[in-house]
Amino acid sequence: MTLDQRPFASGWRVVRHLALALVATAVAPPLLAWGLNAQREAQTRRMMEGSVHSQSGAGPAGVSGDVAHVACGSGAIPDIDQQTASDRGLAQAWMNHQGWLAALGQAAARQQGLPKDAWDHCILMRAGGGAAAVMLSAGANGLIETPLDASVPDGDDILVTVD
């Protein structure tokens, strides 16, 4: 067989190219997204843990022991459309999200020194209500899945105890 008579692509070459295309389109993007999200989670946790010392004992102003009060740092208030939450299968966490926002209050109290998380949402700080003071990030999905009185995060939330 002369050079001119060889097929354009051999079977193994086609298989190699198909495998490369599969990896480039179906494997690499999810791995890159997973890595970016893990990096953002670690960055947010480091910022929150670094802020613990400056926030210890400095919870939201006017905190009484009976009622949980929530303050928000810099950044956007974590908010997500209820329809979007339902579409994502997160409807069961909607009441938790609303509880945190209700405790945040009408004025959306801002707490100096609280950073924003890696998704540009404010870090929330809860104090009072008989539970330990905590800082909370709503995580990548922007929905607060952790109950207001909890000291352990739920869903993709990131929680750091201040006390």
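A search of the whole structure, which is a predicted model, finds 1 salt bridge. That salt bridge is formed by the side chains of K116 and D120, with a distance of 3.0 Å from N to O. The protein chain around this pair has 163 residues, of which 34% count as buried, and its elements comprise 3 helices and 4 strands.

- K116 counts as partly exposed, because its relative accessibility of 38% falls between the limits of 20% for buried and 50% for exposed.
- D120, the partner of K116 in the salt bridge, is likewise placed in the partly exposed class, because its relative accessible area is 41%.
- In the order of the chain, D120 belongs to the loop between α3 and β2.
- The backbone of D120 has a positive phi of about 70°, although D120 is not a glycine.
- As background to that value, most residues other than glycine have a negative phi.

**Order of elements and reach of contacts**

- Read from the N terminus on, the elements of the protein chain follow the order α-β-α-α-β-β-β.
- When contacts between residues at least 6 apart in sequence are considered, 67% of them join residues at least 24 apart.

**The sheet and the helix that packs on it**

- The 4 strands make an open sheet in the order β1-β2-β3-β4, and their pairing is antiparallel.
- The edges of this sheet are β1, at residues 68–72, and β4, each of which pairs on one side only.
- From one strand to the next, the twist averages 20°.
- Helix α3, made of residues 94–104, packs on the sheet and touches β1, β2 and β3, while its direction makes about 85° with that of β1.
- In general, the strands of a sheet pair through backbone hydrogen bonds, in either a parallel or an antiparallel way.
- Across from M125 stands M135, a residue of β3.
- Although β1 is an edge strand, 4 of its 5 residues are buried, so β1 is largely enclosed by the rest of the structure.

**The nonpolar cores**

- The largest nonpolar core has 13 residues, and those with the most contacts inside it are V70, C72, W100, L104, L124, L136 and I144.
- Two or more residues of this core come from each of β1, α3 and β3, and α3 gives the most, with 4 residues.
- Another core lies apart from it and has 12 residues, among them W119, A133, M135 and I158.

**A140 and N141 in the loop between β3 and β4**

- A140 is found in the loop between β3 and β4, and N141 is placed in that loop as well, between β3 at residues 134–137 and β4 at residues 158–161.
- A140 counts as partly exposed because its relative accessibility is 38%.
- N141 counts as buried because its relative accessibility of 16% is under the limit of 20%.
- A140 lies 20 residues from D120 in sequence, and the C-alpha atoms of the two are 9.8 Å apart in space.
- Leaving aside residues up to four places away in sequence, A140 touches N37, W119 and D156.
- The side chain of N141 reaches the backbone nitrogen of L143 at 3.0 Å, and a polar contact of 3.1 Å joins the side chain of N141 to that of E145.

Definitions and conventions. Residues are numbered from 1 along each chain as its sequence is written. This is a predicted model: local features need pLDDT of at least 70, side-chain atom pairs count only at pLDDT 80 or more; totals for chains, interfaces and linings use all residues. Side-chain values use heavy atoms; hydrogens and water are left out. Buried means under 20% relative accessible area, exposed over 50%, partly exposed in between (1.4 Å probe, protein chains only). A polar contact is a pair of N or O atoms within 3.5 Å; within protein, one must be able to donate a hydrogen and the other to accept it, and residues adjacent in sequence count only if both atoms are side-chain atoms. A salt bridge is a side-chain nitrogen of Lys or Arg within 4 Å of a carboxyl oxygen of Asp or Glu. Contact means heavy atoms within 4.5 Å. Two strands pair if DSSP finds at least two bridges between them. Axes are lines fitted to C-alpha atoms, for helices over the stretch in contact, and angles run from 0 to 180 degrees between N-to-C directions. A nonpolar core is a set of buried Ala, Val, Leu, Ile, Met, Phe, Trp, Tyr and Cys residues joined through side-chain atoms within 4.5 Å.
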